[in-house]
Amino acid sequence: MPGRHPFPDQGPAAGADCATLDLGAQLQLGEGRFIDLPVRFVYRGDEPFSVVMEFPGSDPAVGTWEFSRDLLWKGLHRAAGMGDVRVLPPCRCHGRRQLRITLRGDDDTASIDVPFEPVHSWLRDRSFAIVPRGRESELIDWDAELSRLVGGR
């Protein structure tokens with residue numbers, strides 16, 4: 001599920017359990033150069049495997065990214081990800097106390113540092129309260145998904 005969210009303007013479905021987290025982050029421009037950037041994480045119970053990362057008030061070209069909730073959780077503890085989204089935990093030996101999320105687009109790569117503790121707490125206390133870790137597949141109607149894939153609906 002890594003990559004840009006296919007429906008960037010689509011909000012949570014009516015009645016869906018939803019947890020959001022708004023943070024101030026820093027976009028790395030170069031070695032030791034950063035600019036402040038607002039970031040919003042969204043977790044929806046009706047999309048149990050994924051987290052959406054938005055950039056409120058930013059240029060629409062920045063996009064909205066959807067990636068695995070498990071990838072974000074793993075990245076809190078060790079380097080995670082191999083594709084468009086990579087997550088690195090804080091690295092005290094290099095003086096970085098933030099969680100680093102690297103997003104790779106068609107033409108560019110962006111490294112964004114977000115505060116570790118709020119993301120950790122939000123995942124543990126809010127998203128796992130909506131859908132416990134490891135129980136995501138119980139919420140998928142696999143027959144409907146298979147029918148949609150095979151039938152093209």
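This is a predicted model: local features need pLDDT of at least 70, side-chain atom pairs count only at pLDDT 80 or more; totals for chains, interfaces and linings use all residues.
Me: What makes the 7 strands an open sheet, and in which order do they lie?
Reply: Strands are DSSP runs of E with at least two residues, helices are runs of H or I with at least four, and both are numbered from the N terminus; two strands pair if DSSP finds at least two bridges between them. The 7 strands form an open sheet in the order 4-3-2-1-7-6-5, with antiparallel pairing. Strand 4 (65–68) and strand 5 (85–88) are the edge strands, since each pairs on one side only. Neighbouring strands of this sheet are turned by 30° against each other on average, direction ignored.

Me: How do you know that strand 1 pairs with strand 7?
Reply: Strand 1 (residues 18–30) and strand 7 (residues 109–114) run antiparallel and are joined by 2 bridges, which meets the requirement of at least two. Q26 has D113 in strand 7 as its bridge partner.

Me: What joins strand 2 to strand 1 and to strand 3?
Reply: Strand 1 and strand 2 pair in the antiparallel sense over 12 bridges, and the bridge partner of L27 in strand 2 is I35. These two strands form a hairpin with 2 residues between them, where G32 in the turn has a positive phi of about 75°. Strand 2 and strand 3 also run antiparallel, joined by 4 bridges, with Y43 opposite V51 in strand 3, and the hairpin between strand 2 and strand 3 passes through 5 residues.

Me: Why is R44 called buried, and what does its side chain contact?
Reply: Buried means under 20% relative accessible area, exposed means over 50%, and partly exposed lies in between (1.4 Å probe, protein chains only). R44 has 11% relative accessibility and therefore counts as buried; this residue is found in strand 2 (residues 33–44).

Me: Why is the pair of F41 and W122 called tilted?
Reply: Rings of Phe, Tyr and Trp (its six-membered ring) pair if their centres lie within 6.5 Å, and planes under 30 degrees apart count as stacked, over 60 as edge-to-face and the rest as tilted. The structure holds 2 aromatic pairs. In the pair of F41 and W122, the centres are 6.0 Å apart and the planes at 40°, so the pair is tilted. The pair links distant parts of the chain, F41 in strand 2 and W122 in helix 2, 81 residues apart. F41, at 0% relative accessibility, counts as buried, and W122 is buried with a relative accessible area of 3%.

Me: What makes the pair of W73 and F128 edge-to-face?
Reply: Their ring centres are 5.1 Å apart and their planes stand at 70°, so the pair is edge-to-face. W73 in helix 1 (residues 69–75) and F128 in helix 2 are 55 residues apart. W73 counts as buried at 14% relative accessibility, and F128 counts as buried at 15%.

Definitions and conventions: Residues are numbered from 1 along each chain as its sequence is written. Side-chain values use heavy atoms; hydrogens and water are left out. Axes are lines fitted to C-alpha atoms, for helices over the stretch in contact, and angles run from 0 to 180 degrees between N-to-C directions.
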